[in-house]
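The sequence and the structure come first.

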Amino acid sequence: MPEPTRPTLEAIAREASVSLSTVSKVLNGRPGVAAATRRLVEDLLHDSGYARRGVDAERGETVELVLENLASEWSVEVIRGVERVAREAGLAMTLSTIGDYHAAGDDLITGVLRRKPVAVVLQFSNLTADHRRQLRARNIPFVVVDPAGDPPPDVPAIGATNWAGGLAATRHLVALGHERIASIGGPADLLCSRARVAGYQAALQEAGLPVPAPVESAGFSRADGEREGRRLLGVAPADRPTAIVCANDMQALGVYDAAFALGLDVPADVSVVGFDDAPSASWARPPLTTIRQPLQEMAEEAARLALRLRAGAAESTRLELATSLIERGSTAPPRG
């Protein structure tokens, strides 16, 4: 039985009542097409199978990694993971950034489409429905690594056990004998931040200790950690926490700064636990006890999943890798 004839771009243009050049712009991710027209042409390309069969032959030999920014140690670990898998597959890695947090725009997707990668790994999960449609219409699989929120069910994602990490960090402090344990949360709109705080609260409840409410949210920077550290530690000794669980390592190093500025010692006066196990955690003085989030392994799994999806694999597209406690010199039993 002969294969069905693939519709031509001219036929798609006629069905959409647009010019051939408009269809070409949509197919190649170029700007200058109204949003409603772009959606219509995308749907026709997808439904006809044209993009899947016609564009594959033009596909490049790269895996594209899209990051929010390059300003963190976190980003370096993700880059290493994706680059390693791309190299093993005989591919190159391209890198692009979206700049400000939550600032992915149409220019990002059009740029990706022009570069024609075989797969895309994203370090943010707020792709719009239009963006997802554009990628799928060209058979470009995408996977989110360490999603900030809760991606839609049809968005593949590789994350970490954030709740279990918050639980382990707090259990460690309870086992050392701490009873006044504070926490600094990450940005309240991030699911990973809320999960870490929920694990911290669960461990306190498990130990029969009071649960401070509400836990203050802050950014992930060192300055945010110092500001919140001064707020928590700049009180009378009887009211001061003897330990603080932080939302990430940068916050924890900021708490170091606050403690030293107030004449307090880490860990003699206050124990500190971070989250991530970034390289700076082991360089700090004292070295930082933290929850290891396997960032490089998460990025590797995201890239491998994207390439498996590219090959047509049908499998679960949600995975959480285990976190683990790394004990160092920033935690000790409380004084007295």
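Where is the place of Pro 286? Pro 286 sits in the loop between α12 (279-283) and β9 (289-292); helices (H or I, at least four residues) and strands (E, at least two) are DSSP runs, numbered from the N terminus. The model is predicted, so local features need pLDDT of at least 70 and side-chain atom pairs count only at pLDDT 80 or more, whereas totals for chains, interfaces and linings use all residues. Residues are numbered from 1 along each chain as its sequence is written, and side-chain values use heavy atoms, with hydrogens and water left out.

**Backbone geometry**

- Most residues other than glycine have a negative phi, and most peptide bonds are trans.
- The peptide bond from Arg 285 to Pro 286 is cis, with omega near 0°.
- A cis peptide bond also runs from Val 266 to Pro 267, with omega near 15°; Pro 267 lies in the loop between α11 (249-261) and β8 (271-276).
- Ser 17, in the loop between α1 (9-16) and α2 (20-27), has a phi near 60°, a positive value in a residue other than glycine.
- Ser 17 counts as exposed at 66% relative accessibility; buried means under 20% relative accessible area, exposed over 50%, and partly exposed in between (1.4 Å probe, protein chains only).
- Lys 116 is not a glycine either, yet has a positive phi of about 55°.
- Lys 116 is found in the loop between α6 (106-115) and β3 and is buried, with a relative accessible area of 15%.

**Nonpolar cores**

- A nonpolar core is a set of buried Ala, Val, Leu, Ile, Met, Phe, Trp, Tyr and Cys residues joined through side-chain atoms within 4.5 Å.
- The largest nonpolar core has 24 residues, and those with the most contacts inside it are Val 63, Val 78, Val 82, Val 121 and Met 298.
- Two or more residues of this core come from each of β1 (62-67), α5 (73-88), β3 (119-122), β4 (142-145), β5 (157-160) and α13.
- The largest share, seven residues, is from α13.
- A second, separate core has 19 residues, including Ile 244, Val 255, Leu 264 and Val 272.

- Met 298 belongs to helix α13 (residues 295-310) and is buried, with a relative accessible area of 0%.
- Residues up to four places away in sequence aside, Met 298 touches Val 145, Asp 146, Ile 158, Gly 159, Ala 160, Gln 293 and Leu 321, where contact means heavy atoms within 4.5 Å.
- Met 298 and Leu 321 are 23 residues apart in sequence, with 7.0 Å between them in space, C-alpha to C-alpha.
- Beyond its neighbours within four places in sequence, Val 82 is in contact with Val 63, Leu 65, Met 93, Val 121, Ala 299 and Ala 303.

**Enclosed space**

- On a 1 Å grid over the protein atoms alone, a cavity is a set of points where a 1.4 Å probe fits but cannot get out; lining residues have an atom within 4 Å of a point.
- The count is one cavity of 30 Å³ or more.
- The largest cavity has a volume of about 60 Å³, a volume being the space filled by probe spheres set on the points.
- Of the 14 residues that line the largest cavity, Ser 183, Arg 196, Val 197, Val 245 and Cys 246 are the closest to its centre.
- Elements giving two or more residues to this lining are α8 (162-175), β6 (181-184), α9 (191-207) and β7 (243-246), and α9 gives the most, with four residues.

Key
1 Å grid on protein atoms, 1.4 Å probe; cavity = no way out; pocket = protein on both sides within 12 Å on 5 of 7 lines; lining within 4 Å.
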